[in-house]
Amino acid sequence: MKLITAVVQPSALEPVKTALAEVGVAGMTILDAKGHGTQTGKVEVYRSQRIKVDFLPKIYIETVVNDEVLEAALEAIQEAARTGAIGDGKIWVTDVLRVIRVRTGETGPTAIS
């Protein structure tokens, strides 16, 4: 099992959610986040004042998947979130040693399906 973590543009949330559902990934955790990578923020004008916005709004997505679904899920996130512009986001994968469904006590792959 793997934990997929993706940080994407807010506008990518619905396309990513739909794309993951199409490859069989049903559960995920979504958080609002702020951050920056290569683009290091942007300058906006507010009431004729230039203001540097260091941290841009992002969406933080986590989902645990079985190894068989990993590549399809990664491809789905990439395709759904990609605009080709700086700030599209990052995805990383982490090994998951154990999963337990609290309600039933199920463990392993059955706990995430």
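Biologist: Is Glu 14 buried, partly exposed or exposed?
Modeller: Partly exposed. This is a predicted model, and Glu 14 has a relative accessible area of 45% there. Buried would need under 20% and exposed over 50%, so Glu 14 falls in between.

Biologist: Which element holds Glu 14?
Modeller: Helix H1, which covers residues 13-22.

Biologist: How far apart are Glu 14 and Gln 78 in space?
Modeller: Their C-alpha atoms are 13 Å apart. In sequence, 64 residues separate Glu 14 and Gln 78.

Biologist: What does Asn 66 touch, leaving out residues up to four places away in sequence?
Modeller: Met 1, Pro 109 and Ile 112.

Biologist: Now Lys 2. Which strand is Lys 2 in?
Modeller: Strand S1, residues 2-8.

Biologist: What does the side chain of Lys 2 make a polar contact with?
Modeller: The side chain of Asp 95, at 2.3 Å.

Biologist: Which residues does Lys 2 touch, again not counting those up to four places away in sequence?
Modeller: Asp 95 is on that list too, along with Val 93, Thr 94 and Val 96. Lys 2 also touches Thr 63, Val 64, Val 65, Asp 67 and Leu 70.

Biologist: Zooming out, in what order do the elements of the protein chain run?
Modeller: From the N terminus, β-α-β-β-β-β-α-β. That comes to 2 helices and 6 strands.

Biologist: Is the chain compact or spread out?
Modeller: More spread out than a compact globule, because its radius of gyration is 17 Å. The globule rule gives 13 Å for 113 residues. The C-alpha atoms fill a box of roughly 60 × 25 × 20 Å along the principal axes.

Biologist: How much of the protein chain is buried?
Modeller: Buried residues make up 31% of the 113. The accessible surface comes to about 7500 Å², and carbon and sulfur atoms account for 54% of that area.

Biologist: What about contacts between residues at least 6 apart in sequence?
Modeller: Of those, 71% join residues at least 24 apart.

Biologist: Last one, charges. How many positive and negative side chains are there?
Modeller: 13 positive and 14 negative. The centres of the two sets lie 9 Å apart.

Technical notes: Residues numbered from 1 in each chain as written. Predicted model: local features only at pLDDT ≥ 70, side-chain atom pairs only at ≥ 80, totals over all residues. Heavy atoms only, no water. Helix = DSSP H or I, 4+ residues; strand = E, 2+ residues; numbered from the N terminus. Rg over C-alpha atoms; globule rule 2.2 N^0.38 Å. Buried < 20%, exposed > 50% of the residue type's maximum accessible area, 1.4 Å probe, protein only. Contact = heavy atoms within 4.5 Å. Areas by Shrake-Rupley, 256 points an atom, 1.4 Å probe, with all protein chains shown as cover. Lys, Arg positive; Asp, Glu negative; His and termini not counted. Charge placed at Lys NZ, Arg CZ, Asp CG, Glu CD. Polar contact = N/O pair within 3.5 Å; in protein donor to acceptor, adjacent residues only side chain to side chain.
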